[in-house]
Amino acid sequence: MGKLSDILIEVKDLKKYFPVKNGINKNNFIKAVDGVSFNIRRGETFGLVGESGCGKSTLGRTITRLYDATAGDIFFEENNIAKLNKKQMKQYYKKMQIIFQDPYSSLNPYMNVKELIEEPLTLHTKLSKLKRKEKIESLLEMVGLKKDDMDKFPHEFSGGQCQRIGIARAISTNPDFVLCDEPISALDVSIQAQVVNMLEDLQKEMGLTYLFVAHDLSMVRHISDRIGVMYLGSIVEVGRSNDLYKNPLHPYTKGLLSSIPIADPIKAKESNINIIKGDIPSPMNIPSGCRFHTRCPYAKPICSEVTPIEKEVENDHIVTCHLY
Ligand SMILES: Nc1ncnc2c1ncn2[C@@H]1O[C@H](COP(=O)(O)OP(=O)(O)OP(=O)(O)O)[C@@H](O)[C@H]1O
Ligand code: SF4
Ligand SMILES: [Mg+2]
(Lines give C-alpha, C1' and ligand atoms only; values in the text may rest on other atoms or scores of the structure.)
(Ligands and ions follow the chains in the order given, each with its own letter.)
Protein backbone atom coordinates (compact mmCIF):
# COMPACT_ATOMS: atom_id res chain seq x y z
CA MET A 1 0.00 0.00 0.00
CA GLY A 2 1.29 3.46 -0.88
CA LYS A 3 1.48 6.53 1.29
CA LEU A 4 -2.04 7.03 2.57
CA SER A 5 -2.24 10.73 1.81
CA ASP A 6 -1.15 10.22 -1.79
CA ILE A 7 -4.25 10.64 -3.93
CA LEU A 8 -4.15 9.21 -7.46
CA ILE A 9 -7.74 9.95 -8.51
CA GLU A 10 -10.11 12.52 -7.11
CA VAL A 11 -13.70 12.54 -8.33
CA LYS A 12 -15.85 15.61 -7.68
CA ASP A 13 -19.62 15.75 -8.10
CA LEU A 14 -19.44 13.39 -11.07
CA LYS A 15 -22.61 12.76 -13.09
CA LYS A 16 -23.35 10.43 -15.95
CA TYR A 17 -26.85 10.62 -17.39
CA PHE A 18 -28.04 8.48 -20.29
CA PRO A 19 -30.82 10.01 -22.42
CA VAL A 20 -33.92 7.81 -22.68
CA LYS A 21 -34.80 7.06 -26.27
CA ASN A 22 -38.31 5.53 -26.18
CA GLY A 23 -41.38 7.66 -27.04
CA ILE A 24 -43.10 7.68 -23.63
CA ASN A 25 -40.12 8.83 -21.57
CA LYS A 26 -38.59 11.19 -24.13
CA ASN A 27 -36.60 14.08 -22.65
CA ASN A 28 -35.94 11.97 -19.58
CA PHE A 29 -32.59 10.67 -18.32
CA ILE A 30 -31.30 7.57 -16.58
CA LYS A 31 -29.24 9.11 -13.80
CA ALA A 32 -26.75 6.23 -13.52
CA VAL A 33 -24.16 8.32 -11.66
CA ASP A 34 -25.67 11.29 -9.89
CA GLY A 35 -23.20 13.46 -8.01
CA VAL A 36 -20.38 11.20 -6.81
CA SER A 37 -17.35 12.57 -4.92
CA PHE A 38 -14.57 10.38 -3.55
CA ASN A 39 -10.88 9.70 -3.98
CA ILE A 40 -8.65 6.73 -4.66
CA ARG A 41 -5.20 6.67 -3.07
CA ARG A 42 -2.11 5.57 -4.90
CA GLY A 43 -1.40 1.85 -4.33
CA GLU A 44 -4.68 1.02 -2.60
CA THR A 45 -7.55 -1.23 -3.57
CA PHE A 46 -10.79 0.71 -3.35
CA GLY A 47 -13.76 -1.67 -3.29
CA LEU A 48 -17.06 -0.45 -4.76
CA VAL A 49 -20.21 -2.34 -3.81
CA GLY A 50 -23.95 -2.00 -4.30
CA GLU A 51 -26.96 -3.75 -5.82
CA SER A 52 -27.20 -4.49 -9.52
CA GLY A 53 -28.00 -1.33 -11.51
CA CYS A 54 -26.78 1.15 -8.86
CA GLY A 55 -24.20 2.56 -11.28
CA LYS A 56 -20.91 0.86 -10.33
CA SER A 57 -19.83 0.02 -13.89
CA THR A 58 -20.96 3.38 -15.21
CA LEU A 59 -18.96 5.16 -12.50
CA GLY A 60 -15.84 3.10 -13.34
CA ARG A 61 -16.27 3.62 -17.07
CA THR A 62 -16.77 7.35 -16.66
CA ILE A 63 -13.67 7.68 -14.46
CA THR A 64 -11.59 5.82 -17.07
CA ARG A 65 -13.19 7.98 -19.79
CA LEU A 66 -14.76 5.11 -21.68
CA TYR A 67 -17.83 7.32 -21.22
CA ASP A 68 -17.93 11.10 -21.34
CA ALA A 69 -19.08 12.63 -18.05
CA THR A 70 -22.33 14.61 -18.06
CA ALA A 71 -20.90 16.91 -15.36
CA GLY A 72 -18.24 17.01 -12.68
CA ASP A 73 -14.48 16.62 -12.43
CA ILE A 74 -12.04 13.69 -12.49
CA PHE A 75 -8.56 14.60 -11.30
CA PHE A 76 -5.97 12.03 -12.32
CA GLU A 77 -2.58 12.88 -10.82
CA GLU A 78 -4.09 16.33 -10.22
CA ASN A 79 -4.99 16.90 -13.89
CA ASN A 80 -8.69 17.27 -14.63
CA ILE A 81 -9.30 14.68 -17.35
CA ALA A 82 -13.10 14.99 -17.34
CA LYS A 83 -13.24 17.40 -20.23
CA LEU A 84 -10.27 16.26 -22.33
CA ASN A 85 -10.99 15.11 -25.89
CA LYS A 86 -9.86 11.71 -27.26
CA LYS A 87 -6.58 13.12 -28.57
CA GLN A 88 -5.76 14.84 -25.29
CA MET A 89 -6.73 11.64 -23.43
CA LYS A 90 -4.26 9.49 -25.36
CA GLN A 91 -1.47 9.88 -22.80
CA TYR A 92 -3.91 8.87 -20.01
CA TYR A 93 -5.60 5.86 -21.61
CA LYS A 94 -2.47 3.75 -21.19
CA LYS A 95 -2.27 4.71 -17.52
CA MET A 96 -5.86 3.60 -16.83
CA GLN A 97 -6.85 0.10 -17.87
CA ILE A 98 -9.91 -2.09 -17.35
CA ILE A 99 -10.46 -5.76 -16.52
CA PHE A 100 -14.02 -6.71 -17.47
CA GLN A 101 -16.49 -9.09 -15.86
CA ASP A 102 -17.01 -11.47 -18.77
CA PRO A 103 -13.64 -12.69 -20.03
CA TYR A 104 -15.10 -14.31 -23.18
CA SER A 105 -17.08 -11.38 -24.52
CA SER A 106 -14.31 -8.89 -23.73
CA LEU A 107 -11.82 -10.70 -25.99
CA ASN A 108 -12.11 -10.58 -29.79
CA PRO A 109 -12.70 -14.26 -30.73
CA TYR A 110 -10.90 -13.82 -34.08
CA MET A 111 -7.61 -12.73 -32.52
CA ASN A 112 -5.07 -15.14 -31.06
CA VAL A 113 -3.39 -14.51 -27.71
CA LYS A 114 -0.36 -12.86 -29.29
CA GLU A 115 -2.54 -10.43 -31.25
CA LEU A 116 -4.78 -9.75 -28.25
CA ILE A 117 -1.88 -8.75 -26.01
CA GLU A 118 0.00 -7.01 -28.81
CA GLU A 119 -2.92 -4.68 -29.58
CA PRO A 120 -2.51 -2.34 -26.57
CA LEU A 121 1.29 -2.49 -26.96
CA THR A 122 1.06 -1.30 -30.56
CA LEU A 123 -1.45 1.35 -29.63
CA HIS A 124 0.30 2.78 -26.59
CA THR A 125 4.02 2.00 -26.80
CA LYS A 126 6.83 2.47 -29.27
CA LEU A 127 8.29 -1.02 -28.74
CA SER A 128 9.81 -2.77 -31.76
CA LYS A 129 8.25 -6.00 -33.05
CA LEU A 130 10.91 -8.09 -31.31
CA LYS A 131 10.54 -6.22 -28.02
CA ARG A 132 6.78 -6.60 -28.22
CA LYS A 133 7.18 -10.36 -28.57
CA GLU A 134 9.51 -10.47 -25.56
CA LYS A 135 7.05 -8.35 -23.59
CA ILE A 136 4.16 -10.65 -24.51
CA GLU A 137 6.17 -13.66 -23.33
CA SER A 138 6.95 -12.04 -20.00
CA LEU A 139 3.32 -10.92 -19.56
CA LEU A 140 2.10 -14.47 -20.21
CA GLU A 141 4.47 -15.73 -17.56
CA MET A 142 3.29 -13.08 -15.10
CA VAL A 143 -0.33 -14.20 -15.47
CA GLY A 144 0.50 -17.91 -15.32
CA LEU A 145 0.10 -18.80 -19.01
CA LYS A 146 2.64 -20.45 -21.30
CA LYS A 147 4.63 -19.16 -24.29
CA ASP A 148 3.00 -21.91 -26.36
CA ASP A 149 -0.40 -20.33 -25.68
CA MET A 150 0.42 -17.40 -27.98
CA ASP A 151 -1.05 -18.95 -31.12
CA LYS A 152 -4.26 -20.11 -29.47
CA PHE A 153 -7.67 -18.41 -29.67
CA PRO A 154 -9.98 -17.48 -26.76
CA HIS A 155 -12.33 -20.45 -27.32
CA GLU A 156 -9.45 -22.82 -26.59
CA PHE A 157 -9.22 -21.56 -23.01
CA SER A 158 -11.30 -21.88 -19.83
CA GLY A 159 -13.00 -18.80 -18.33
CA GLY A 160 -10.22 -18.39 -15.77
CA GLN A 161 -7.53 -18.60 -18.45
CA CYS A 162 -9.39 -16.05 -20.60
CA GLN A 163 -9.48 -13.72 -17.62
CA ARG A 164 -5.70 -14.15 -17.34
CA ILE A 165 -5.41 -13.02 -20.98
CA GLY A 166 -7.62 -10.02 -20.15
CA ILE A 167 -5.37 -9.22 -17.19
CA ALA A 168 -2.23 -9.51 -19.34
CA ARG A 169 -3.79 -7.05 -21.78
CA ALA A 170 -4.67 -4.65 -18.99
CA ILE A 171 -1.21 -4.61 -17.40
CA SER A 172 0.67 -4.60 -20.72
CA THR A 173 0.99 -0.81 -20.80
CA ASN A 174 2.30 -0.56 -17.21
CA PRO A 175 -0.79 1.31 -16.02
CA ASP A 176 -1.03 3.17 -12.72
CA PHE A 177 -4.70 2.43 -12.30
CA VAL A 178 -6.82 -0.62 -13.14
CA LEU A 179 -10.61 -0.74 -12.96
CA CYS A 180 -11.47 -4.35 -12.04
CA ASP A 181 -15.18 -4.54 -12.88
CA GLU A 182 -16.39 -7.73 -11.18
CA PRO A 183 -13.37 -9.61 -12.58
CA ILE A 184 -14.14 -12.88 -10.79
CA SER A 185 -17.97 -12.93 -10.70
CA ALA A 186 -18.25 -14.98 -13.91
CA LEU A 187 -15.59 -17.51 -12.86
CA ASP A 188 -15.95 -20.86 -11.09
CA VAL A 189 -15.70 -20.45 -7.33
CA SER A 190 -12.73 -22.84 -7.33
CA ILE A 191 -10.61 -20.45 -9.40
CA GLN A 192 -11.84 -17.12 -8.03
CA ALA A 193 -9.22 -17.16 -5.26
CA GLN A 194 -6.40 -17.88 -7.72
CA VAL A 195 -7.31 -14.87 -9.83
CA VAL A 196 -7.67 -12.63 -6.77
CA ASN A 197 -4.27 -13.77 -5.47
CA MET A 198 -2.74 -13.04 -8.83
CA LEU A 199 -4.26 -9.55 -8.90
CA GLU A 200 -2.83 -8.93 -5.43
CA ASP A 201 0.64 -10.14 -6.47
CA LEU A 202 0.58 -7.97 -9.58
CA GLN A 203 -0.47 -5.00 -7.49
CA LYS A 204 2.55 -5.40 -5.23
CA GLU A 205 4.93 -6.06 -8.08
CA MET A 206 3.78 -3.20 -10.29
CA GLY A 207 2.52 -0.70 -7.71
CA LEU A 208 -0.99 -0.78 -9.16
CA THR A 209 -4.01 1.04 -7.81
CA TYR A 210 -7.32 -0.80 -8.13
CA LEU A 211 -10.95 0.20 -8.19
CA PHE A 212 -12.50 -3.20 -7.49
CA VAL A 213 -16.22 -3.48 -8.25
CA ALA A 214 -18.35 -6.23 -6.68
CA HIS A 215 -21.95 -6.98 -5.85
CA ASP A 216 -21.48 -7.73 -2.21
CA LEU A 217 -19.28 -6.71 0.65
CA SER A 218 -18.02 -10.20 1.51
CA MET A 219 -16.20 -10.41 -1.82
CA VAL A 220 -14.24 -7.16 -1.45
CA ARG A 221 -13.71 -7.15 2.30
CA HIS A 222 -10.36 -8.93 2.32
CA ILE A 223 -8.80 -7.36 -0.74
CA SER A 224 -9.89 -3.74 -0.19
CA ASP A 225 -8.13 -1.10 1.85
CA ARG A 226 -11.23 1.06 1.72
CA ILE A 227 -14.75 0.40 0.48
CA GLY A 228 -17.40 2.69 -1.00
CA VAL A 229 -21.07 1.71 -0.87
CA MET A 230 -23.14 2.88 -3.80
CA TYR A 231 -26.91 3.29 -3.91
CA LEU A 232 -28.90 4.56 -6.88
CA GLY A 233 -26.13 6.58 -8.48
CA SER A 234 -24.61 7.94 -5.30
CA ILE A 235 -21.96 6.86 -2.77
CA VAL A 236 -23.59 6.70 0.67
CA GLU A 237 -20.67 5.52 2.81
CA VAL A 238 -16.89 5.20 2.52
CA GLY A 239 -14.63 3.65 5.13
CA ARG A 240 -11.67 1.42 5.77
CA SER A 241 -12.60 -2.13 4.99
CA ASN A 242 -12.65 -3.36 8.61
CA ASP A 243 -14.39 -0.27 9.99
CA LEU A 244 -17.11 -0.56 7.41
CA TYR A 245 -17.58 -4.23 8.09
CA LYS A 246 -17.48 -4.06 11.89
CA ASN A 247 -19.20 -0.72 12.29
CA PRO A 248 -21.45 -0.01 9.31
CA LEU A 249 -23.14 3.38 9.73
CA HIS A 250 -25.51 3.90 6.81
CA PRO A 251 -28.80 1.95 7.03
CA TYR A 252 -28.21 0.70 3.48
CA THR A 253 -24.75 -0.67 4.35
CA LYS A 254 -26.27 -2.38 7.40
CA GLY A 255 -28.87 -3.95 5.16
CA LEU A 256 -26.26 -5.11 2.64
CA LEU A 257 -24.24 -6.72 5.40
CA SER A 258 -27.18 -8.56 6.87
CA SER A 259 -28.00 -10.02 3.47
CA ILE A 260 -24.64 -11.81 3.34
CA PRO A 261 -25.44 -15.49 3.92
CA ILE A 262 -24.16 -16.73 7.27
CA ALA A 263 -22.89 -20.32 7.24
CA ASP A 264 -23.46 -20.93 10.96
CA PRO A 265 -27.23 -21.27 11.67
CA ILE A 266 -26.89 -20.20 15.33
CA LYS A 267 -25.04 -17.05 14.39
CA ALA A 268 -27.59 -16.44 11.64
CA LYS A 269 -30.38 -16.54 14.23
CA GLU A 270 -28.54 -14.23 16.59
CA SER A 271 -27.66 -11.69 13.93
CA ASN A 272 -29.92 -8.71 13.55
CA ILE A 273 -31.50 -9.62 10.23
CA ASN A 274 -32.40 -6.39 8.52
CA ILE A 275 -32.95 -7.30 4.89
CA ILE A 276 -33.61 -4.20 2.81
CA LYS A 277 -37.27 -4.07 1.88
CA GLY A 278 -38.79 -3.16 -1.48
CA ASP A 279 -37.33 -2.72 -4.93
CA ILE A 280 -34.65 -0.28 -5.96
CA PRO A 281 -36.42 2.81 -7.44
CA SER A 282 -35.91 3.73 -11.11
CA PRO A 283 -32.78 5.79 -11.80
CA MET A 284 -35.07 7.92 -14.03
CA ASN A 285 -37.09 8.91 -11.03
CA ILE A 286 -34.79 9.33 -8.06
CA PRO A 287 -36.66 9.88 -4.74
CA SER A 288 -36.43 13.37 -3.22
CA GLY A 289 -34.30 14.14 -0.17
CA CYS A 290 -32.37 11.03 0.81
CA ARG A 291 -32.67 8.71 -2.17
CA PHE A 292 -32.84 5.69 0.18
CA HIS A 293 -35.87 6.98 2.13
CA THR A 294 -38.40 4.78 0.31
CA ARG A 295 -36.67 1.67 1.66
CA CYS A 296 -35.06 2.85 4.88
CA PRO A 297 -36.35 1.37 8.18
CA TYR A 298 -35.12 4.50 10.03
CA ALA A 299 -36.61 7.16 7.72
CA LYS A 300 -37.88 10.34 9.44
CA PRO A 301 -40.01 13.14 7.88
CA ILE A 302 -36.88 15.19 7.08
CA CYS A 303 -35.46 12.30 5.01
CA SER A 304 -37.88 12.74 2.11
CA GLU A 305 -37.44 16.53 2.07
CA VAL A 306 -33.79 17.36 2.66
CA THR A 307 -30.82 15.76 0.93
CA PRO A 308 -28.32 14.68 3.60
CA ILE A 309 -24.74 15.87 3.26
CA GLU A 310 -21.67 13.72 3.82
CA LYS A 311 -20.08 13.71 7.24
CA GLU A 312 -16.79 12.24 8.48
CA VAL A 313 -18.02 10.48 11.61
CA GLU A 314 -14.68 8.93 12.54
CA ASN A 315 -11.26 9.11 10.94
CA ASP A 316 -11.58 8.00 7.31
CA HIS A 317 -15.22 6.95 7.76
CA ILE A 318 -17.68 9.07 5.82
CA VAL A 319 -21.47 8.66 5.76
CA THR A 320 -24.30 10.54 4.10
CA CYS A 321 -27.38 10.18 6.32
CA HIS A 322 -29.49 12.40 8.58
CA LEU A 323 -28.90 10.05 11.53
CA TYR A 324 -25.34 11.40 11.85
N1 LIG B 1 -24.95 2.50 -22.00
C2 LIG B 1 -26.06 2.69 -21.30
N3 LIG B 1 -27.15 3.30 -21.83
C4 LIG B 1 -28.27 3.51 -21.10
N5 LIG B 1 -28.40 3.14 -19.81
C6 LIG B 1 -27.38 2.52 -19.22
C7 LIG B 1 -26.15 2.25 -19.93
N8 LIG B 1 -25.30 1.62 -19.07
C9 LIG B 1 -25.96 1.50 -17.91
N10 LIG B 1 -27.20 2.03 -18.00
C11 LIG B 1 -28.19 2.11 -16.91
O12 LIG B 1 -27.56 2.80 -15.85
C13 LIG B 1 -27.89 2.22 -14.59
C14 LIG B 1 -26.60 1.78 -13.91
O15 LIG B 1 -26.06 0.68 -14.62
P16 LIG B 1 -24.65 0.04 -14.30
O17 LIG B 1 -24.39 -1.00 -15.33
O18 LIG B 1 -23.65 1.10 -14.13
O19 LIG B 1 -24.92 -0.65 -12.88
P20 LIG B 1 -24.05 -1.69 -12.06
O21 LIG B 1 -24.07 -1.21 -10.65
O22 LIG B 1 -22.74 -1.88 -12.71
O23 LIG B 1 -24.92 -3.02 -12.16
P24 LIG B 1 -24.44 -4.56 -12.20
O25 LIG B 1 -24.10 -4.89 -10.77
O26 LIG B 1 -25.63 -5.30 -12.67
O27 LIG B 1 -23.26 -4.67 -13.11
C28 LIG B 1 -28.84 1.08 -14.90
O29 LIG B 1 -30.15 1.58 -14.75
C30 LIG B 1 -28.54 0.76 -16.33
O31 LIG B 1 -29.69 0.22 -16.97
S1 SF4 C 1 -31.12 9.98 5.63
FE2 SF4 C 1 -32.97 9.08 6.52
S3 SF4 C 1 -33.80 7.75 4.91
FE4 SF4 C 1 -31.70 8.24 4.38
S5 SF4 C 1 -30.53 6.55 5.15
FE6 SF4 C 1 -30.49 8.13 6.73
S7 SF4 C 1 -32.23 7.67 8.07
FE8 SF4 C 1 -32.51 6.48 6.20
MG1 LIG D 1 -21.75 -3.55 -13.54
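1. Let's start with the aromatic rings. This is a predicted model, and the count in it comes to seven aromatic pairs. One of them joins Tyr17 and Phe29: the centres are 6.2 Å apart and the planes make an angle of 45 degrees, which puts the pair in the tilted group. Tyr17 belongs to strand β1 (residues 7–19) and Phe29 to strand β2 (residues 29–41), so this contact ties together parts that are twelve residues apart in sequence.

2. Phe29, at 36%, counts as partly exposed.

3. Now look at Phe18 and Tyr67. Their ring centres lie 5.6 Å apart with the planes at 90 degrees, and because an angle over 60 counts as edge-to-face, that is the label for this pair. Phe18 is in strand β1, while Tyr67 is in the loop between α1 (56–63) and β4 (71–76), so the pair ties together parts 49 residues apart in sequence. Phe18 is partly exposed at 27% relative accessibility, and Tyr67 is partly exposed at 26%.

4. Rings can also join up in a group. Here, ring pairs link Tyr231, Tyr252 and Phe292 into a cluster.

5. The charged end of Arg221 sits over the ring of Tyr245, at 3.7 Å from the ring centre.

6. Next, the backbone. Most residues other than glycine have a negative phi. Which residues have a positive phi here? Glu77 has one of about 50 degrees, and Glu78 has one near 70 degrees. Glu77 lies in the loop between β4 and β5 (79–80), and Glu78 is found in the loop between β4 and β5 too. Glu77 counts as partly exposed, at 25% relative accessibility. Glu78 has a relative accessible area of 72%, so it is exposed, the cut-off being over 50%.

Conventions:
Residues numbered from 1 in each chain as written. Chains lettered and ligands numbered in written order. Predicted model: local features only at pLDDT ≥ 70, side-chain atom pairs only at ≥ 80, totals over all residues. Heavy atoms only, no water. Phe/Tyr/Trp six-rings, centres within 6.5 Å; stacked < 30°, edge-to-face > 60°. Helix = DSSP H or I, 4+ residues; strand = E, 2+ residues; numbered from the N terminus. Buried < 20%, exposed > 50% of the residue type's maximum accessible area, 1.4 Å probe, protein only. Lys NZ or Arg CZ within 6 Å of the ring centre and 35° of its normal.
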